[in-house]
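This briefing concerns a single protein chain, to be read alongside its sequence and model. Please keep both in view while working through the points below.

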Amino acid sequence: MSKIFALFNPLSANKLGEEKAHKLIGFFPNEDIIDFVDITKINDYKSFVEFLEPDDKIVICGGDGTINRFVNEIYDLNIKNEILYYATGSGNDFLRDLDKSLKTVLFLLTSIYATCLL
């Protein structure tokens, strides 16, 4: 059974980041388990990634600062798991840069392209 690790920033969205991240529960089938992880508490991303099973997914929940933090922390890691982005920030310039709107709730990050899932 795959597991979903929702990495949220509690400071995102004017300190509503955790609350907004929990809305992910409605997007995944019942067989998936969502583990909510405060991204500000991850001290060792290499160990975090090595802990994942091959079919586990990572969902980045937050805004521009959250995705920036994540990308800078993992830039030299070889992550084979799917990484998705769930925009819950207050600005979300990253979405606009990809010509996405807030209606694009969740999408897969693949190199510099985004494939819309919902």
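Asp 35 is partly exposed, with a relative accessible area of 28%. In this predicted model, the side chain of Asp 35 meets that of Lys 3 in a salt bridge, at 4.0 Å from N to O. Lys 3 is likewise described as partly exposed, its relative accessible area being 27%.

**Salt bridges**

- The structure holds 2 salt bridges.
- The bridge between Asp 35 and Lys 3 links distant parts of the chain: Asp 35 belongs to strand β2 (residues 33-38) and Lys 3 to strand β1, 32 residues apart.
- Glu 50 and Lys 46 also form a salt bridge, in which the closest N and O atoms are 3.0 Å apart.
- Glu 50 and Lys 46 both lie in helix α3 and are 4 residues apart, which means that about one helical turn separates them.
- Glu 50 counts as exposed, at 54% relative accessibility, while Lys 46 is partly exposed, with a relative accessible area of 46%.

- Asp 56 is placed in the loop between α3 and β3.
- Leaving aside residues up to four places away in sequence, Asp 56 touches Ser 2, Lys 3, Phe 5, Asn 81 and Glu 82.

**Aromatic pairs**

- A pair of aromatic rings is described by two values, the distance of the centres and the angle of the planes.
- The count comes to 3 aromatic pairs.
- Phe 5 and Phe 51 form an edge-to-face pair, with 6.0 Å from centre to centre and 80 degrees between the planes.
- This pair links distant parts of the chain, since Phe 5 is in strand β1 (residues 3-8) and Phe 51 is in helix α3 (residues 45-51), 46 residues apart.
- Tyr 45 lies in helix α3 and Phe 70 in helix α4 (residues 64-74), so the pair ties together parts that are 25 residues apart in sequence.
- Tyr 45 is buried, with a relative accessible area of 4%, and Phe 70 counts as buried at 3%.
- Ring pairs join Phe 5, Phe 48 and Phe 51 into a cluster.

**Nonpolar cores**

- The largest nonpolar core has 18 residues, of which Leu 7, Phe 48, Ile 58, Ile 60 and Phe 70 touch the most other members.
- The elements that contribute two or more residues to this core are β1, α3, β3 (57-62), α4 and β4 (82-87).
- Apart from this core lies another one, of 10 residues, among them Ala 6, Phe 8, Val 59 and Cys 61.

**The chain as a whole**

- How many helices and strands does the protein chain have? There are 5 helices and 6 strands.
- Along the sequence, these elements follow the pattern β-α-α-β-α-β-α-β-α-β-β.
- The protein chain has 118 residues, and buried residues make up 41% of them.
- Among contacts between residues at least 6 apart in sequence, 65% join residues at least 24 apart.

Methods: Residues numbered from 1 in each chain as written. Predicted model: local features only at pLDDT ≥ 70, side-chain atom pairs only at ≥ 80, totals over all residues. Heavy atoms only, no water. Phe/Tyr/Trp six-rings, centres within 6.5 Å; stacked < 30°, edge-to-face > 60°. Buried < 20%, exposed > 50% of the residue type's maximum accessible area, 1.4 Å probe, protein only. Core = buried A, V, L, I, M, F, W, Y, C linked by side-chain atoms within 4.5 Å. Contact = heavy atoms within 4.5 Å.
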